[in-house]
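Good morning. Please have the sequence and the structure open.

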Amino acid sequence: MTEQNTLSAAVTVLRAEQPLTVEMPRCDHYIDGRHLESATGETSEVVDPARGTVLATVPRGGAAEVDAAVAAARAAAPGWAARTPKDRAEVLLALAEALRDDRDRLRTLEALNCGKPPAVTADDVDSAIDTFRFMAGAGRSTTTVAAGDYVEDITSMILREPLGVIGMITPWNYPLLMVAWKLAPALMVGNTIVLKPSEVTPLTTLRLAELADGILPPGVLNIVNGSGSTVGAALSAHPGIDMIALTGSVGAGRSVAGAAAANVVPAHLELGGKAPVLVCPDADLDQVAATVAEAGFWNTGQECGAACRVLAHDSIAEALTEKIVTAVAAYRLAAPEIDQDDTLGPIIYRGHYERVMTAIDAAVDRGAEVLLGARGDDSEGYWIEPTVLKVATGDPISLEEVFGPVVTIETYREESEGVARANETDYGLTASVFTRDVATALSLAKALDFGSVNVNTHLALPTEMPWSGFKHSGYGRDLSAYALDDYSRTKHLALNHART
Ligand code: NAD
């Protein structure tokens, strides 16, 4: 039974009387196939963002756990690397099967830990399963330059080898999915792993450790819980790793890349985004409004590719704005047990709630017009209404990542101005163009400085295609066969076959 729970005069949230219930995973570190407490005995609380209540207590690791995990991964590396691709693919497929069998529990854990609505948890878990399946197949059919005699009597060939031990650090917005994006290709090419989940959202990663136990050999996957400043920093600076892979903020990316530089190992960085939606005069405005409402507010806008910045041609801006506001106004804030269409969940934690509210308030103070929302309530969970702001050219909110349920609308007059403004942000992850003209679509797509450009859609993310940013959005490819390249190295083998 549902009730309308009015938190304050401003913000209404749908909830059931009872939150979802689920069996928690073992909340400890997972090192060398064993579940371990922290050496220090320190713990941190995992909070339900829809209610602000404590869900679980997880040990906080430190340098000792990182050392142990790297040592376990190093010891397991030769055996795992020596297996054939077919063998490793079978292990990945078994893991995909275990995730599928556990789908409901994983969805509920993600729903409780992140406040995500059912549509988002279904997509998260299904996409994670698909990533393991895809990498299992793609890793058996890699292409590379043909072997050949490029010097007389010497046959050259390329060996593709694992890097060794990879440190991985994941964020809170898609806890299981971001782990799958990194883990599946890295395991498939024969690496062993030390993984630190976000301290805010470790639950599905810890459940994955339980599922992987008995499928992956001990030491192939190790998980250390803790904060970025302790475990994340210790892992990225550890001399025993061969690469550090991070999905997170630009600030964390800079720290991790600095540590990697000191160790002379590669960093693989998927960082923030600020996606423009460039709307041409001939665009289908209903399509734009529906797409912005979905892709701007998916996962409550806590999405690095969110369609958060609409650049509308002057001639259609008024009509488009009305349609976007109407489409977004259909959303209801709801706790994750409410299984209805068009619901939005909470903001992940109090500190982030305050960041998003501060960004909205500052924009309004600078003169942004509130077309919808802009009100929040953190008395029981962390809730912000879906917000649409009309902003002036050059307002900082157009360039900075807000990472919440906030879409801004601004106008442009000339196509060249629209492109220049879309590109003026430091981020370069994803962008979209809306036009009915194929030549315009192609030339604008080429002019946009973003790692993926969508035409008449936004957030198209097939597992087969690479996801990677330009500029401050980082470097390194997730998804697709390119991820297999990124997590491996090429060795040139030259074989002298002259008969003497
Ligand atoms: P965050 O940078 O605060 O944390 C990400 C992870 O890095 C966490 O596990 C955290 O503990 C760790 N960390 C933080 N500082 C660190 C440091 N100095 N050294 C080592 N580790 C450190 O980011 P978040 O708030 O969890 O996630 C949101 C950010 O992630 C946004 O900027 C978003 O755009 C980005 N993101 C990017 C993608 C992508 O594919 N490009 C996907 C999801 C999220």
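**Around the ligand**

Start with the domains: domain 1 (2-271 + 475-489) and domain 2 (275-331 + 386-462) each give at least three residues to the shell around the ligand. Keep in mind that this is a predicted model.

As for where the ligand sits, it is in the largest pocket. The shell there holds 29 residues, and those that come nearest are Thr 170, Trp 172, Glu 199, Ser 249 and Glu 401. By type, the shell has 14 nonpolar, 11 polar and 4 charged residues.

Which secondary structure elements supply at least two residues each of this shell? Among them are helix H7 (228-236), strand E12 (243-247) and helix H8 (250-263).

Glu 401 has a polar side-chain atom 2.5 Å from a ligand oxygen. For Trp 467, a polar side-chain atom lies 2.8 Å from an oxygen atom of the ligand. With Gly 248 the backbone is involved: an N or O atom there is 3.3 Å from a ligand oxygen.

Last, the surface. The ligand taken alone exposes 840 Å², and 88% of that is buried by the protein.

Methods: Residues are numbered from 1 along each chain as its sequence is written. This is a predicted model: local features need pLDDT of at least 70, side-chain atom pairs count only at pLDDT 80 or more; totals for chains, interfaces and linings use all residues. Side-chain values use heavy atoms; hydrogens and water are left out. A residue is near a molecule or strand if one of its heavy atoms lies within 4 Å of it. A polar contact is a pair of N or O atoms within 3.5 Å; within protein, one must be able to donate a hydrogen and the other to accept it, and residues adjacent in sequence count only if both atoms are side-chain atoms. Accessible areas come from the Shrake-Rupley method with a 1.4 Å probe; for residues, only the protein chains shown count as cover. On a 1 Å grid over the protein atoms alone, a cavity is a set of points where a 1.4 Å probe fits but cannot get out, and a pocket is an open set with protein on both sides within 12 Å along at least five of seven lines; lining residues have an atom within 4 Å of a point. A molecule sits in a cavity or pocket if more than half of its atoms lie within 2 Å of its grid points. Helices (H or I, at least four residues) and strands (E, at least two) are DSSP runs, numbered from the N terminus. Ala, Val, Leu, Ile, Met, Phe, Trp, Tyr, Cys and Pro count as nonpolar, Asp, Glu, Lys and Arg as charged, and the others, Gly among them, as polar. Domain bounds come from an automatic or database domain assignment.
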